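Subject: Structure for you to look at

Hi,

Here is the structure I promised to send over. Have a look at it first, and then read my notes below.

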Amino acid sequence: MACVLNSINRTHLSFGDDVLVIGGGTMGLLHVMLAKLRGVRVILSEPDEKRRQKALSLGADLALDPFTCDIVEEIMKITDGVGANAVFNTTPVPALALQAIDAAAQNGTVIMFSSLHPNEPVPVNLGSVHSTQKVITGAQNGSIETFRQAAALLSKGLFDPSPLIESVYDYHDFDKAMECAMRADTYKVVLRIGE
């Protein structure tokens, strides 16, 4: 959570802005949930239907299937040709890094939240970056401040992470917990120590 808060804090979101989150895994869904606290419209791009439905249940305003539409074109339609004020790429796919940049609005911010696998160079149209003044940056880990923010949100009951907890295991069932956590269709697994 602190890592995602660090990501969101690197933008200058204002009430009513448009946000695109690319990827509906745990970190993508945390971006959806936490960005909504900023009073923005959140659009998710995710090929898996179950994850799109999960995102909608967690507050996403729209959930698009990138296999059935051109995400950049769709974002431009939804935003009346403006683009997303902030784009969070939570996937490791190099091609989606370009999509994130193209979907951003003029003066928008693109956050590369995930490391890329394979970590290949991505050709960027720097002339376009120059003329549109888009900011492209990365985000990793949390900071002292975002850990404080996460603790405050949780302790004050302002944020409920439980929809992203797949299962809770006793620490004696570590092997079962790891087996569950390693499945591609799960979210986060919690180990409980004692009562």
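Residues 24 or more positions apart account for 57% of the contacts in the chain that have a separation of 6 or more; a contact here means heavy atoms within 4.5 Å. Bear in mind that this is a predicted model, where local features need pLDDT of at least 70, side-chain atom pairs count only at pLDDT 80 or more, and totals for chains, interfaces and linings use all residues. Numbering starts from 1 along each chain as its sequence is written, and side-chain values use heavy atoms, with hydrogens and water left out.

On overall shape, a compact globule of 195 residues would have a radius of gyration near 16 Å, and the chain agrees with that at 17 Å (taken over C-alpha atoms; the rule is 2.2 Å times the number of residues to the power 0.38). Along the principal axes, the C-alpha atoms fill a box of roughly 60 × 35 × 30 Å. You'll find 8 helices and 8 strands in the chain; these are DSSP runs numbered from the N terminus, with helices being H or I of at least four residues and strands E of at least two.

Of the 195 residues, 44% are buried (buried is under 20% relative accessible area, exposed is over 50%, and partly exposed is in between, with a 1.4 Å probe and protein chains only).

Now for helix 2, residues 26–36. This helix is mostly covered, with 9 of its 11 residues buried. Among them are Leu29, Leu30, His31, Val32 and Met33.

Helix 3 (residues 49–57) is worth a look too. Its buried residues include Arg51, Arg52 and Ala55. Looking down the axis of helix 3, the buried residues fall within an arc of 105°, so they line one face of the helix (the arc is that of the directions from the helix axis to the C-beta atoms). Lys50 and Ser57 are exposed on the other side of helix 3. What do the buried residues of helix 3 pack against? They pack against helix 2, strand 2 (41–45) and strand 3 (62–64).

Last, a loop residue. Pro121 sits in the loop between strand 5 (104–112) and helix 6 (126–132), and counts as exposed because its relative accessibility is 79%. Between Pro121 and Gly23 there are 98 residues in sequence and 20 Å in space, C-alpha to C-alpha.

Cheers
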